Amino acid sequence: MSVLIKNGRIITASADTLADIFIEGETIKTIGKNLHVAADEVIDAEGMLVFPGGIDPHVHLEMPFMGTFSSDTYETGTRAALYGGTTTVIDFILQTQGRSLKDALTEWQSRATGNAVGDYSFHMAVTDFNEDTKKEIKQMVEEEGITSFKTFMAYKGALMVDDRQMVGLMQEVKKQGGMVTAHATNGDMIDYLVAKHKSEGKLSPLYHYLSQPEVTEAEASGRFAHMAAYTGCPAYIVHLTCEGALNAVRDAGKHNYQVFAETCIQYLLLDASLYEQDFEGAKWVMSPPLRELKDQRALWAGINQGLLQVVATDHCPFMWEQKKMGEKDFSKIPNGHPAIENRIELLYSEGVAKGKISLNKFVEVSSTNAAKIFGMFPRKGTIAVGSDADILIFDPNAKHTLSAKHHHMNVDYSAYEGWELTGKVKTVLLRGKVVIDNNHCLVEKGNGTFIKRNKVSNII
Ligand code: URP
Ligand code: ZN
Ligand code: ZN
Ligand code: ZN
């Protein structure tokens, strides 16, 4: 099977070229002007932008969490990702405390294998670091292609690890050529504030926000960065939301130590005023919570200054019925919001079309940097000869409105209901195959494959 994409404006992290792309099988064979080659399928991309397929390195599909499961399966979640121009996602395996990493891997494989529509990989969340877990790190890196290890510095009593475990994990992961990532908020402080608000009868979603003030994130981000610097372990902060945490990352840079950091689309676009309405605010109950306008400004600047390398989603959807588990107690609202399908179009419309980031920066933070940091580059994350033909053909002028009425995520509300966007996904190719065309999905479950990742780098 061969495909020729003609006359598109190809944007990578570093280039902007009018050219044709010739694809043979799963990979890009030739890139050049006016290619005269016979192809089984010819796509005219005149007037379109041609990007590498999006990579979302932070999603939670069918995740057991807070007494329920996130509502997108591997099938629905990766399909919705493709509709939104994201061809590869990295999901989080959660170790059960007291059990092995291998057990958790087997469980996640049983959910993903044969069901994913788009490509996927796994991070391993270590929730119980001990002598047995330590022995499994090498196997994960060398045999399973799982090279990033996630820690939670919050969710006390459930997923949280203490600093003793963190430092031990960092030393082992560094030795094996991996990376440690963190949900960096101060779990003890949050635990105290949640209990305090509850004892005062303050039970609405607003108190979820007030239980996780900026300092809880700034402190933990700084602590994580210092532990990473001490151990020399490559490090990455997930879902960074605020100016204080960003300053901790900046400070690490001043000491000539790089801590990679990711923000998520919601923290760039939404703010904490959404919690001021009654229970409706539960739609945006996530951890860390939405912040303030000054934080949004800091995050956009952080992207342009290269302090934040990735814009992900932390996609973790729950049906409204599931959110209502916390109707009488904010601490029981399952944490997370749906965005896997909306990330690329939101970032283009609100970032590129409104002049906040350049086209090249858009590609960097939506695809290339995640591929580089997490050991998938140059197979994924760029448009180059030899790379997987994961390609997003994007109409920069099309206008459309986001709504739960026509999204493909398995969730009955949209966190961006009624948002009017400029720029729309038109055609998506995954490993050389057209998977989305004009809002139709052309492939079935089982189309997605697991991507084994290489050892990671602490320089990009
Ligand atoms: O609220 C969130 N973020 N839910 C998913 C779990 C996590 O902390 O990433
Ligand atoms: Zn988290
Ligand atoms: Zn310092
Ligand atoms: Zn998450």
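In what order do the strands of the open sheet of eight strands stand? In this predicted model, the order is E6-E9-E10-E11-E12-E13-E14-E15, with parallel pairing.

## The sheet

E6 and E15 each have a single partner strand and stand at the edges, so one side of each is left without a neighbour in the sheet. From one strand to the next, the twist averages 30 degrees.

Two of the pairings can be followed in detail. E9 and E10 run parallel and are joined by seven bridges; Leu94 stands opposite Ala125 in E10. Strand E11 (residues 148-152) also runs parallel to strand E12 (residues 179-183), with five bridges between them. Ser148 has Met179 of E12 as its bridge partner.

## Strand E10

Strand E10 covers residues 119-125, and seven of its seven residues are buried. Asp119, Ser121, His123 and Ala125 point one way from the strand, while Tyr120, Phe122 and Met124 point the other way. Both sets are buried.

## Helix H12

How many of the ten residues of helix H12 are buried? The count is nine, and the helix (residues 343-352) is described as mostly covered. The buried residues include the charged Arg343 and Glu345, and also Ile344, Leu346, Leu347 and Tyr348. Ser349, Gly351 and Val352 are buried as well.

## Packing of H3 and H4

Two packed helices are described by the angle between their axes and the distance between the axes. For helix H3 (residues 131-144) and helix H4 (residues 163-176), the angle is about 35 degrees and the axes are 9 Å apart. The crossing is right-handed.

On the H3 side, the contact is made by Lys134, Ile137, Lys138 and Val141. On the H4 side, Glu172, Val173 and Gln176 take part. By class, the residues of this contact are three nonpolar, one polar and three charged. An α-helix has 3.6 residues a turn, so residues three or four places apart point the same way.

## Surroundings of ligand 1

Which residues surround ligand 1? They are His60, His183, Met286, Ser287, Asp314, Cys316, Asn335 and Gly336. The shell has two nonpolar, five polar and one charged residues.

Ser287 of this shell is also joined to Pro288 by a cis peptide bond, with omega about -10 degrees. Pro288 is placed in the loop between H9 and helix H10 (293-304).

## Backbone exceptions

Most residues other than glycine have a negative phi, and most peptide bonds are trans. Besides the bond between Ser287 and Pro288, the peptide bond from Phe377 to Pro378 is cis, with omega near 0 degrees. Pro378 is in the loop between H13 and strand E16 (391-401).

Tyr155 has a positive phi near 65 degrees and lies in the loop between E11 and H4. His239 also has a positive phi, about 30 degrees, although it is not a glycine; its place is the loop between strand E13 (235-237) and helix H8 (243-254).

Are Tyr155 and His239 buried or partly exposed? Tyr155 counts as partly exposed because it has 19 C-beta neighbours inside 10 Å, and burial requires 20 or more. His239 has 23 other C-beta atoms within 10 Å and is therefore buried.

Terms used
Residues are numbered from 1 along each chain as its sequence is written. Chains are lettered from A and ligands numbered from 1 in the order in which they are written. This is a predicted model: local features need pLDDT of at least 70, side-chain atom pairs count only at pLDDT 80 or more; totals for chains, interfaces and linings use all residues. Axes are lines fitted to C-alpha atoms, for helices over the stretch in contact, and angles run from 0 to 180 degrees between N-to-C directions. Helices (H or I, at least four residues) and strands (E, at least two) are DSSP runs, numbered from the N terminus. A crossing is left-handed if the near helix is turned anticlockwise from the far one by less than a right angle, and right-handed if clockwise. Two residues are in contact if their C-beta atoms, placed from the backbone, lie within 7 Å. A residue is buried if 20 or more other C-beta atoms lie within 10 Å of its own, exposed if 12 or fewer, and partly exposed in between; C-beta atoms are placed from the backbone. A residue is near a molecule or strand if its C-beta atom, placed from the backbone, lies within 6 Å of it. Two strands pair if DSSP finds at least two bridges between them.
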